[in-house]
Amino acid sequence: MASNFSGVLQLTDLDDFIAPSQECIKPVPVKKTPRKKGLSKIQVAVDGSYMEVDTTSGKSKKLQKAEITLNDCLACSGCITSAETVLVAMQSDEELYKVLNFNKTAAEADKKIVVVSISPQARASLAAKHKQQSTEAAVALTHFFKSLGVSYVLDTTYARELALIQCAEEFIERFRSETENKNLPLLTSACPGWICYAEKTHGDMLIPHISAVKSPQQITGTLVKELVAKHCEVTPDHVYHVTVMPCYDKKLEASRQDFYNDIYSTRDVDLVLTSGEVETMLKKETRTLTELLLAVDATQSNSARPISELQAAFLDNLELLNHSGGGSGGYLDFVFKRAAKQLFGRNVDKVEYKVARNNRDFRDVTLKDEDGKVLLHFAAAYGFRSIQNLVQKMKRSKCPYHYVEVMACPSGCLNGGGQIKAEDGDREKQKEILEEVERIYDEIPATIPGNNEHAMTQLNSLKENSSKLNHTLHTQYHSIEKDDTLSLNVKW
């Protein structure tokens with residue numbers, strides 16, 4: 001499974017997996033207790049557990065095992081894929097089936113309200129696999145999840161609308177500030193693979209440059225837990241939120257402690273499935289999107305139990321949202337246009353990129369005045385090669401960019417590790433699949449962020465309360481100090 005994670009999480013100076021003879025090391029706090037007379041010894045019980053035996057009294061007690069959780073792995077500066085066994089157990093379609101099966105027999109008060117939010121990249125991948133158009137796939141997927149017992153099916157593009165607007169405001173404010181200008185370029189934060197790499201390798205240098213705006217997945221999570229719970233008159237822990245994403249790294253993002261609600265002991269996103277895992281579910285249920293589309297029951301539409309605040313986010317809307325600027329969300333495209341207008345009074349209808357000569361995953365764009373002076377210099381860096389080049393420029397203080405859209409996967413999110421791949425691994429066939437996914441993704445006409453009435457109402461409501469705005473749309477990142485003394489080959 002290691003190959004499913006983005007390249008930046010796999011390229012480390014340690015092995016990418018834990019071999020049978022290796023163990024992950026976690027410091028275990030030892031509580032000091034009053035010293036007892038006599039000695040103790042450790043014995044191994046028949047079941048393999050460790051027992052502490054008091055040599056004086058002969059009494060024994062079972063010692064607690066040290067446990068490694070996904071959060072421990074995220075806080076470690078070593079490997080990342082040592083968390084895979086946890087991810088397989090806790091972030092798979094089997095977990096969703098468990099919740100749905102529980103709801104079938106549980107008392108009404110104990111049932112979970114299951115919400116599934118689907119990213120446009122994942123939807124395009126599934127549509128390409130089943131030879132459907134984007135809008136048709138949206139309706140079919142809504143019907144599929146509802147037939148399993150899901151209450152609401154949403155589109156994360158609605159949250160991306162909010163993220164794009166906030167990213168533009170953040171950049172413009174930082175550009176205008178003399179002190180904050182030291183922290184340019186501003187680097188996007190929507191890609192968890194890139195964020196995890198930045199925190200663990202160059203945290204102190206990179207984190208001041210990283211945008212504080214949450215990814216669309218996490219903004220959706222915050223809105224779902226609050227608004228669905230409010231609408232259904234339950235607490236957020238009664239809402240079970242599932243997202244369908246184009247990459248495995250999103251499982252790591254959802255598991256961050258920053259997105260955990262301590263009051264209700266619940267995460268903003270409880271489970272992340274990839275496009276490929278949803279395809280596995282369709283096969284398990286022996287369903288295709290074509291069959292589902294023919295079987296759509298109007299009584300099962302999202303509008304049966306409307307939530308006005310999320311009206312624009314329902315996946316079976318006749319008018320789905322989309323944004324220009326490519327399959328990774330269009331961050332560079334929108335921020336560049338908005339900044340050119342607000343900072344320099346220039347209207348940019350289309351962003352004209354200059355692609356790097358030897359790397360098609362790195363491109364940049366400039367805005368110049370009449371004398372040829374550069375006013376804005378933006379770039380897009382996709383894949384580990386591009387990220388490495390960007391980081392090296394920043395380390396040498398020779399980075400000319402004001403803003404960089406950073407994504408861990410070559411070709412961006414439409415080519416994420418969780419997308420449906422060619423079954424035989426044929427590169428030419430995979431290239432054709434990616435081209436079809438890109439075509440389907442671009443079918444939905446692009447809208448300008450800020451023109452959606454529902455999204456702007458939501459944003460204006462949040463702006464009335466700065467703490468609520470910060471909680472819903474912003475987060476923070478943490479430098480993780482590397483401990484070179486740790487090695488997966490050391491066995492304690």
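Of the 492 residues in the protein chain, 51% count as buried, where buried means under 20% relative accessible area, exposed over 50%, and partly exposed in between (1.4 Å probe, protein chains only). The accessible surface of the chain is about 24600 Å², and carbon and sulfur atoms hold 50% of that surface; the areas come from the Shrake-Rupley method with a 1.4 Å probe, and for residues only the protein chains shown count as cover.

This is a predicted model, in which local features need pLDDT of at least 70 and side-chain atom pairs count only at pLDDT 80 or more, while totals for chains, interfaces and linings use all residues. Residues are numbered from 1 along each chain as its sequence is written, and side-chain values use heavy atoms, with hydrogens and water left out. The mean pLDDT (the predictor's confidence in each residue, from 0 to 100) is 83 for the protein chain, and 79% of the residues score at least 70. Over residues 11–28 the pLDDT stays under 50, and the model has 30 contacts beyond four places in sequence for them; a contact means heavy atoms within 4.5 Å. The pLDDT is also below 50 over residues 486–492, a stretch with eleven contacts beyond near neighbours in sequence.

The protein chain contains 18 helices and 14 strands. These are DSSP runs numbered from the N terminus, with helices (H or I) of at least four residues and strands (E) of at least two. Among contacts with a separation of 6 or more, 73% are between residues 24 or more positions apart.

S7 (residues 239–245) runs parallel to S10 and is joined to it by four bridges. Thr243 has Val272 in S10 as its bridge partner.

A second open sheet, of five strands, has mixed pairing and the order S6-S14-S13-S12-S11. S6 (186–187) and S11 (354–356) form its edges. S11 pairs with S12 (residues 359–368) in the antiparallel sense over three bridges, and Lys354 has Asp364 in S12 as its bridge partner. Helix H15 (residues 383–395) lies across S6, S12, S13 (374–382) and S14 (403–407), running at about 140° to S13.

The largest nonpolar core has 79 residues; such a core is a set of buried Ala, Val, Leu, Ile, Met, Phe, Trp, Tyr and Cys residues joined through side-chain atoms within 4.5 Å. Helix H7 (residues 157–176) supplies the largest share, eleven residues. Phe171 is one of the members that touch the most others, and its contacts include Leu184, Leu376 and Phe378. Apart from this core lies another of 40 residues, among them Leu271 and Val437.

Some backbone geometry stands out because most residues other than glycine have a negative phi, and most peptide bonds are trans. The peptide bond from Leu184 to Pro185 is cis, with omega near 10°, and Pro185 lies in the loop between H7 and S6. Ser397, in the loop between H15 and S14, has a phi near 55° and is exposed at a relative accessible area of 67%. Ser411, in the loop between S14 and helix H16 (427–441), has a positive phi of about 70° but counts as buried at 18% relative accessibility.

Key. Pairing = 2+ DSSP bridges. Axes fitted to C-alpha atoms, helices over the stretch in contact; angles between N-to-C directions.
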